[in-house]
Amino acid sequence: METNWPLYEVFIRSKNGLSHKHVGSLHAADAEMALENARDVYTRRNEGVSIWVVKAVDIKASDPADGDFLFEPASDKIYRHPTFYEVPDAVKHM
Amino acid sequence: MEAARKKFILQWADNSMILGQRLSEWCGHGPVLEQDIAITNIALDLIGEARYLYQILAVEEGKSEDDYPFMRKEAEFYNLLLVEQPNEDWAYTIVRQCIYDHFHYHFLAAVSRSKDEELAAIAVKSLKEVRYHLKFSSEWLIRLGDGTEESHQKMQNALNVMAKFASEAFLSSEADLWMLENCGEPDLAKLKETADKDLLEVIREATLSWPNQQTVRRGGKAGIHSEHLGYLLATMQYMQRTYPGMEW
């Protein structure tokens, strides 16, 4: 019999308009309890307006060891950044 | 201030203070870290509520708000017998909490409609917090009642013990009647109907049954307490009794 409650990852939206951000993890018997636990553990100091919880086992993560072929090839391709455009003066917020 | 209003404030404040103290005993002992934090959050909500009420009296009587929780004797506390009952284990704690939250929620809703604006404002503020307490304790009651055979039995045992303390909250003291007459709320007899109905619904969903017993234990509202309150006060008041007037 499984004696440990499954691990849930917790994501909090700090205010409307921002995206949910990973803040930590906790154990809970089910998603409902995970939500309540997250409320009590991670929003005591007014940190958020919305919570997501996801079972940690449901997250498929990239392998840190694969970083050399997954991410490093992008580092010398500066032409992928939109930094070669002249922004007209009339455009204030870019 | 009218003596009846003071008594009404003390009944209310002492309920929150004593239950807050009880729940704070879980600090560092919760079944898991998350529940440890949850139950002590609730303790802090309750102590915060009590502070607002003691502050009203302190201003009126030229005392310190600390004088009320820390310098009164057992017979001068007017909390319900229910809230001073020991934690025992998580089952007892949740059953006691769920019974109290059902009263507390409807009580605050009633006081928030009363003509006493000062008390109504405190009730409105606490109502939001207590709505969460009610959700928390109800979900745990259902989770454990409708859980394993062992958890079901533990919850039913706790309910069998706690049930006799449930009704005192709704039996009006003279102070309650004075408030009803002068401020229009709370009508305890009336809110008993709603609170009982809601509580029984949660108990039914938890597959538990309300014990078939007629005993009603009362006395707290008149200052006549069970043996447990003395021990609780001894712990809670130790610092102020040993070092009177001590401040953080």
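Modeller: Let's start with a term we'll need: a polar contact is a pair of N or O atoms within 3.5 Å, where, within protein, one must be able to donate a hydrogen and the other to accept it, and residues adjacent in sequence count only if both atoms are side-chain atoms. Keep in mind that this is a predicted model. With that term in hand, six residue pairs are in polar contact between chain B and chain A, both partners being at pLDDT 80 or more. On the chain B side, helix H2 (33-61) and helix H6 (117-145) each bring at least two residues to the side that touches chain A. Sort the residues on that side by kind and you get seven nonpolar, two polar and four charged.

How much is in touch overall? 13 residues of chain B are in contact with 13 residues of chain A. The area buried between these chains comes to about 1,200 Å², with carbon and sulfur atoms giving 48% of it. In chain B, the residues that lose the most area to chain A are Glu34(B), Tyr132(B) and Arg143(B), which together make up 47% of what that side buries.

Charges meet here too: there are three salt bridges between chain B and chain A. If you want to find a salt bridge in the picture, look for the side chains of Glu32(A) and Lys135(B), at 3.6 Å from N to O.

Now step inside. The largest nonpolar core has 86 residues, and Trp12(B), Phe103(B), Leu119(B), Phe136(B) and Leu141(B) have the most contacts inside it. Helix H5 (residues 90-111) of chain B gives this core its largest share, 14 residues.

A few loops are worth a glance before you go. Between helix H8 (174-183) and helix H9 (188-205) of chain B, the loop holds Pro186(B), and the peptide bond from Glu185(B) to Pro186(B) is cis, with omega near -5°. Glu88(B) sits in the loop between helix H4 (81-84) and H5 of chain B; phi there is near 55°, a positive value in a residue other than glycine. Chain A has Asn46(A), in the loop between helix H1 (31-42) and strand S3 (50-55), with a positive phi near 65°. Asn46(A) counts as exposed because its relative accessibility is 73%, and exposed means over 50%.

Note on methods
Residues numbered from 1 in each chain as written. Chains lettered and ligands numbered in written order. Predicted model: local features only at pLDDT ≥ 70, side-chain atom pairs only at ≥ 80, totals over all residues. Heavy atoms only, no water. Contact = heavy atoms within 4.5 Å. Buried area = accessible area lost by both parts, 1.4 Å probe. Salt bridge = Lys/Arg side-chain N within 4 Å of Asp/Glu carboxyl O. Helix = DSSP H or I, 4+ residues; strand = E, 2+ residues; numbered from the N terminus. Nonpolar A, V, L, I, M, F, W, Y, C, P; charged D, E, K, R; others polar. Core = buried A, V, L, I, M, F, W, Y, C linked by side-chain atoms within 4.5 Å. Buried < 20%, exposed > 50% of the residue type's maximum accessible area, 1.4 Å probe, protein only.
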